[in-house]
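Me: I have a protein structure open and would like to go through it step by step. Could you help me read it?

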Amino acid sequence: RQLPLLMLTARGEPMDRIVGLELGADDYLPKPFEPRELLARVKALLRRASPAAAGDDVLRFGRLEVDLGARVARLDGKVCDLTGHQFDLLVVLAQHPGRVLSRDQIMDSLKGHPLEAFDRSIDVHISRIRAVIEDDPKAPRRVLTVRGAGYVFARKQDAEDRKSVV
């Protein structure tokens, strides 16, 4: 498995950097450094380490497609009007079809703030997503509620798949 390697060291002389890179490091960052620079370098390494193959960045579920690269969802080819946060929430669910995700798991995946004891913001966003992507938001077939557990993104969603929804 190819994991990116970032050398973070107190040795910042040019020869030290050259040796570090020649020994196999993908990047080299001497101390002191700016935290934002470290974050930017880590993100760049991760992007290069797992490039999305063509077509892999589009999740398709019957008539619904979620284009991760373009950050857009389409139903029957028409762009769905979702906010950035709603799109991110839809992606979290769509990347785990058939798996029940609790509100806490969803919030962790969204890198959001911890849930308050009675935080229902996820529920509000789910209802707004349903209003956009469901044929009948009151009888959803794509984003389902599992009482007391959370939400599940249905593997099979459209008319031809009605026998087995999850």
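Me: To start, how many helices and strands does the protein chain have?

Reply: This is a predicted model. Its protein chain contains five helices and eight strands. Read from the N terminus, the elements follow the order β-α-β-α-β-β-β-β-α-α-α-β-β.

Me: And what share of the residues is buried?

Reply: Of the 166 residues in the protein chain, 31% are buried. The chain exposes about 11000 Å², and carbon and sulfur atoms supply 53% of that area.

Me: Which residues have the most contacts inside the largest nonpolar core?

Reply: They are Leu 90, Leu 93, Ile 106 and Phe 153, in a core of 26 residues. Several elements each supply at least two residues of this core, including β3 (58-61), α4 (103-109) and β8 (150-153). Helix α3 gives the largest share, with seven residues.

Me: Let us stay with Leu 93. What does it touch?

Reply: Leaving aside residues up to four places away in sequence, Leu 93 touches Leu 101, Ile 106, Ile 126, Val 143, Tyr 151 and Phe 153.

Me: Now to charges. How many salt bridges are there in the whole structure?

Reply: A search finds 11 salt bridges. In general, side chains of opposite charge can pair when their charged atoms come close. One of the bridges joins the side chains of Arg 41 and Asp 27, at 2.7 Å from N to O. Arg 41 belongs to helix α2 and Asp 27 to strand β2, so this pair ties together parts that are 14 residues apart in sequence.

Me: Is Asp 27 buried or exposed?

Reply: Asp 27 is buried, because its relative accessible area is 14%, under the 20% cut-off.

Me: Which residues are linked in a network of salt bridges?

Reply: The network links Arg 60, Glu 65, Asp 67 and Arg 74. Within it, Glu 65 meets Arg 60 at 3.5 Å, N to O, and also forms a salt bridge with Arg 74, where the closest N and O atoms are 3.4 Å apart. Arg 60 is exposed, with a relative accessible area of 54%, whereas Glu 65 is partly exposed at 24%. Arg 74 is also partly exposed, at 21%.

Me: One last topic, the surface. Which residues make the nonpolar patch of about 410 Å²?

Reply: Met 15, Ile 18, Val 19 and Leu 23 make that patch. Ile 18 sits in helix α1, which covers residues 14-22. With a relative accessible area of 40%, Ile 18 is partly exposed.

Key. Residues are numbered from 1 along each chain as its sequence is written. This is a predicted model: local features need pLDDT of at least 70, side-chain atom pairs count only at pLDDT 80 or more; totals for chains, interfaces and linings use all residues. Side-chain values use heavy atoms; hydrogens and water are left out. Patches are made of residues with over 30% relative accessible area and no salt bridge: like charges are joined within 9 Å, nonpolar side chains (Val, Leu, Ile, Met, Phe, Trp, Tyr) within 5 Å. Accessible areas come from the Shrake-Rupley method with a 1.4 Å probe; for residues, only the protein chains shown count as cover. A salt bridge is a side-chain nitrogen of Lys or Arg within 4 Å of a carboxyl oxygen of Asp or Glu. Helices (H or I, at least four residues) and strands (E, at least two) are DSSP runs, numbered from the N terminus. Buried means under 20% relative accessible area, exposed over 50%, partly exposed in between (1.4 Å probe, protein chains only). A nonpolar core is a set of buried Ala, Val, Leu, Ile, Met, Phe, Trp, Tyr and Cys residues joined through side-chain atoms within 4.5 Å. Contact means heavy atoms within 4.5 Å.
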